[in-house]
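Please look over the sequence and the model shown here before reading on. The report then turns to a few individual residues and their surroundings.

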Amino acid sequence: MKDITLGLVGVGRIGAMHADNISMLNGAFKAEDINVRLRLTDVAEEHARAVAARVGAEFLPSVEALLASGLDGLVIATGTGTHPGLIKAGVDAGIPVFCEKPVAMNVAEALPVLDYIRERNGMVQIGHQRRFDAGYLEARRAYRAGELGWIHSLRAVTCDMAPPPVEFLATSGGLFRDCSVHDFDILRWLTGREIVEVYAKGSNNGDPAIADVGDVDTALALVTFDDGTVGTVSATRYNGAGHDVRLEIQGSSRSLMVGLDEKTAMASAEPGVDFPVGGPHRTFAERFDQAYRSEMAAFVEFVLGRRDNPCTPEDAVAASRVADAAQESLASGLPVKVELAPA
């Protein structure tokens with residue numbers, strides 16, 4: 001039996017979900033020889049102690065105490081502004097790090113973090129959980145096996161059923177950085193191609209407070225890939241039908257849609273068609289429940305040296321480059337070239 005101890009920083013909405021998933025890891029591996037223990041911390045001590053008690057974890061009063069306790073890996077689920085410092089702290093501790101996306105608020109702030117990781121041979125996995133979703137995995141396999149032919153268009157959709165608190169949106173970096181960055185990542189990952197230009201538009205027809213903090217509640221980006229293929233990436237905070245995440249891949253031989261199932265958050269307008277008949281997902285945590293579980297299991301395997309890094313910081317920053325360009329286009333009303341990483 002191999003014992004490993006993970007430390008978790010931050011037990012807000014997504015951190016508490018990670019705590020639950022980590023607590024259920026034992027028995028999740030093909031060879032049941034791994035025993036995962038969890039220690040956690042958060043500045044909201046009372047809430048953190050409650051989460052720790054619920055999942056059978058140990059609460060520690062600070063990040064410093066957590067890192068000094070003897071960890072095999074560190075999971076970061078705090079606000080974006082804290083990511084650079086915590087990533088560096090984990091790298092300095094000499095342990096593998098999992099950090100929720102993004103690496104930093106924007107690419108300019110992320111680049112020094114990449115340098116820091118490289119210079120110290122750090123091991124850092126970034127949380128883009130869609131890479132572990134069964135539908136996206138099958139679409140990638142089918143495309144790369146040549147079953148779709150060549151792609152003539154892609155349409156990515158990410159729709160929240162209801163917006164998160166305005167206080168969160170005020171520090172999120174904008175709809176493209178917070179939400180559509182997942183689509184930008186998955187498009188690069190699936191196609192193996194770079195997005196080289198973005199043209200974005202947005203609107204605010206919901207809560208005026210979202211516009212007051214400098215964001216939009218709905219946006220669409222036309223993206224162009226390095227081989228000339230085009231696609232669209234759309235997002236909204238107000239999809240009352242349910243939480244809707246899909247990707248339409250249309251090829252010269254065959255087309256696929258990720259997210260088309262009994263819980264798809266829409267209905268047909270055609271007479272006599274009652275698909276889908278299931279209730280829709282209401283949150284991203286429901287939609288990607290299994291993907292999040294698989295992602296954390298992958299981090300444990302990464303810690304143990306049993307697999308390669310499934311999402312490098314460089315991958316995450318490449319998606320953030322597209323998101324930054326989309327936010328710039330949204331502000332300027334003009335197409336924006338995506339600054340690619342040096343070869």
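This is a predicted model: local features need pLDDT of at least 70, side-chain atom pairs count only at pLDDT 80 or more; totals for chains, interfaces and linings use all residues.

|---|---|
| Lys 2 | strand 1 (residues 2–9) |
| Ser 172 | loop between helix 7 (166–169) and helix 8 (175–191) |
| Arg 321 | helix 12 (residues 313–332) |

Lys 2, in strand 1, has a relative accessible area of 42% and is therefore classed as partly exposed. Once neighbours within four places in sequence are set aside, Lys 2 is in contact with Asp 33, Ile 34, Asn 35 and Leu 304. From Lys 2 to Tyr 136 the separation is 134 residues in sequence and, C-alpha to C-alpha, 31 Å in space.

Ser 172, in the loop that runs between helix 7 and helix 8, has a relative accessibility of 10% and so counts as buried, the cut-off for that class being under 20%. A polar atom of the Ser 172 side chain lies 3.1 Å from the backbone oxygen of Leu 169. If residues up to four places away in sequence are not counted, Ser 172 touches Met 105, Arg 177, Asp 178 and Asp 215.

Arg 321, in helix 12, is buried and yet has no salt bridge. The nearest side chain of opposite charge belongs to Glu 339 and is 4.1 Å away, whereas a salt bridge requires the charged atoms to be within 4 Å. Apart from neighbours within four places in sequence, Arg 321 is in contact with Val 107 and Leu 111, and also with Val 338, Glu 339, Leu 340, Ala 341 and Pro 342.

How values were computed:
Residues are numbered from 1 along each chain as its sequence is written. Side-chain values use heavy atoms; hydrogens and water are left out. Helices (H or I, at least four residues) and strands (E, at least two) are DSSP runs, numbered from the N terminus. Buried means under 20% relative accessible area, exposed over 50%, partly exposed in between (1.4 Å probe, protein chains only). A polar contact is a pair of N or O atoms within 3.5 Å; within protein, one must be able to donate a hydrogen and the other to accept it, and residues adjacent in sequence count only if both atoms are side-chain atoms. Contact means heavy atoms within 4.5 Å. Lys and Arg count as positive and Asp and Glu as negative; His and the chain ends are not counted.
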